[in-house]
Amino acid sequence: MSSVERNEAPTKKTSGGFSIDFKALGPFLALVGLFVLGTAINDAFLSGGNLSNIFTRAAFIGIIAVGATFVITAGGIDLSVGSMAAFISGAMIVVMNGLVETLGAGVETVLLGVVLSVILGIGAGAINGLVSTKGKIEAFIVTLGTMGIYRSLVTYMADGGTLSLDFDIRGVYRPVYYGDILGIPVPVLVFFAVAVAGYVLLNMTPFGRKCFAIGSNEQVARYSAIHVDRIKTLTYVIQGLCVSIATIIYVPRLGSASSSTGVLWELEAIAAVIIGGTMLKGGYGRIWGTVVGAIMLTTIGNILNLTDAISNYLNGAVQGLIIIVAVFLQRGDWRRKKSK
């Protein structure tokens, strides 16, 4: 079966000749169902403030999940994204606080912190990719190892406590999270921009087609003269860049970083990707499905906050259950394709 065939979603033609992609519609219909449920539980669910909160909080995981879509589509996995975000956050805070003495609490200091974040994100992603591809070590093991390394580094920098951003810098940096453009929160606009760029890269470029081919059958991709190691490494670089962008938005929210920063973000990112329809086995990915998956996860947490029926502390359990169910359904779909 070719990579193109693997990337085709099940469709059904209507009497008018139009085709309906039921697999693509699934996450959207589920999201609509969640919104209906949220409205039924609490009238405040559809308030402007609550919806803004949902989409803004979804931006963190959503941006990271866009990068994870590339990694998983190419047949990889990255468990280090939460720890990576914590490490980058801590490094940004330490550097910006240090620059206050020389540059002052101005835009220049914030911009240097942002540049540092991008460099660290790309570098961390490159390390994950190169160790996995050149070292011939399973990505699960590599990123499990770097997850521990990054988490330990931020704990060391904070001396077991919490790193806090200088108060004056926080005032300059604050609009990156709390600001808006034409009434739309900045994190939501950044999330949308990253999703559009991810969609174009994955679906409209040779790089994206190579990701599909590698995820479908890595050996066949090698025989097709695709530089598999290079492409897979680049997917981890994209993942690292996405973590960096999410971190740039996250730091002004709380103005702090500690060993607990980004805990379970890898679970949420992977869950968003799988819920959105990307095959965990690789070879099939959908950016907009990932976007919807990230919004769904945030909506579930929001609904749990609005009701006393289920404790909000069970949010992680609900996400874990969703991952298991989504992978189980994908397994059945994959078997049906294989039998054809």
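**Exercise 1.** What percentage of the 340 residues in the chain is buried?

Some ground rules: this is a predicted model, where local features need pLDDT of at least 70, side-chain atom pairs count only at pLDDT 80 or more, and totals for chains, interfaces and linings use all residues. Numbering starts from 1 along each chain as its sequence is written, and side-chain values use heavy atoms, with hydrogens and water left out.

Solution: buried residues (under 20% relative accessible area, 1.4 Å probe, protein chains only) account for 49% of the chain.

**Exercise 2.** Work out how α9 sits against α10.

Solution: start with the geometry. α9 (residues 186–203) packs on α10 (residues 206–216) at about 70 degrees, and their axes are 5 Å apart. So α9 is roughly perpendicular to α10 (65 to 115 degrees). Next, list who touches whom, with contact meaning heavy atoms within 4.5 Å: Leu201, Leu202 and Asn203 of α9 meet Phe207, Gly208, Arg209, Cys211 and Phe212 of α10.

**Exercise 3.** Do likewise for α4 and α12.

Solution: α4 (residues 81–103) and α12 (residues 228–254) cross at roughly 55 degrees, their axes coming within 9 Å. α4 is therefore oblique to α12. Then sort the contact by class: 11 nonpolar, five polar and no charged residues. Here Ala, Val, Leu, Ile, Met, Phe, Trp, Tyr, Cys and Pro count as nonpolar, Asp, Glu, Lys and Arg as charged, and the others, Gly among them, as polar.

Terms used:
Axes are lines fitted to C-alpha atoms, for helices over the stretch in contact, and angles run from 0 to 180 degrees between N-to-C directions. Helices (H or I, at least four residues) and strands (E, at least two) are DSSP runs, numbered from the N terminus. Angles under 35 degrees count as roughly parallel, over 145 as roughly antiparallel, 65 to 115 as roughly perpendicular and the rest as oblique. Buried means under 20% relative accessible area, exposed over 50%, partly exposed in between (1.4 Å probe, protein chains only).
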